[in-house]
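Dear colleague,

Please find below the structure I am handing over to you. My findings follow it.

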Amino acid sequence: MEIRPATTVAEVTAAEHLFDHPVRPEWAERFLTAAGHHLFLAYEDGEPTPVGFVSGVETIHPDKGTEMFLYELAVAEPYRRGGIGRALVRRLAALGRERGCYGMWVLVDTGNDIALAAYRSAGGKDDGTCTVVTWDFT
């Protein structure tokens, strides 16, 4: 397996099957060029298209410093439970350390056992203290 940062809209578009919705080129370009936004793609030996991705965004606050927000993780179904998700999370965590982040966090839907297993196997701990409050601006 090879993990490398996405640097072009074409690379992101090639991973469209892993995203929740179709990739919009203008949004992909904005993401790739925005400071503190990161997207890693995983390729399995011999596969021309990505089999997984992780995205993260550095967040900074005046009294806390910078932390990495793990925005999304996806692995194509035939490749799940083989360590790709764990490797992607660890790669994003390593980048966070390299960039001086004091930690990393992610929100996980209740009952998403596959994601929880990947995060725990990559060293993450569920502190059980979060409730998600959302606003819909659409």
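At 42% relative accessibility, Glu2 counts as partly exposed. Please note that the model is a predicted one. Glu2 is paired with Arg4 in a salt bridge, in which the closest N and O atoms are 3.1 Å apart. Arg4 is likewise partly exposed, its relative accessible area being 29%.

A search of the whole structure returns five salt bridges. Among them is the one between Arg24 and Glu26, with an N to O distance of 2.7 Å. Arg24 has 40% relative accessibility and is partly exposed; Glu26, with a relative accessible area of 43%, is also partly exposed.

Another salt bridge joins the side chains of Glu58 and Arg99 at 2.3 Å, N to O. This pair links distant parts of the chain, 41 residues apart: Glu58 belongs to strand β3 (residues 52-61), and Arg99 to the loop between α3 (84-98) and β5 (104-105). Arg99 is partly exposed, at 46% relative accessibility.

Ala74 is found in strand β4 (residues 65-75). Because its relative accessible area is 13%, Ala74 counts as buried. Beyond its neighbours within four places in sequence, Ala74 contacts Leu18, Val51, Gly52, Phe53 and Leu88. Phe53 is 21 residues from Ala74 along the chain, and their C-alpha atoms are separated by 5.4 Å.

Val132 lies in the segment after α4 (113-121) and is exposed, with a relative accessible area of 53%.

Yours sincerely

Technical notes: Residues numbered from 1 in each chain as written. Predicted model: local features only at pLDDT ≥ 70, side-chain atom pairs only at ≥ 80, totals over all residues. Heavy atoms only, no water. Helix = DSSP H or I, 4+ residues; strand = E, 2+ residues; numbered from the N terminus. Buried < 20%, exposed > 50% of the residue type's maximum accessible area, 1.4 Å probe, protein only. Contact = heavy atoms within 4.5 Å. Salt bridge = Lys/Arg side-chain N within 4 Å of Asp/Glu carboxyl O.
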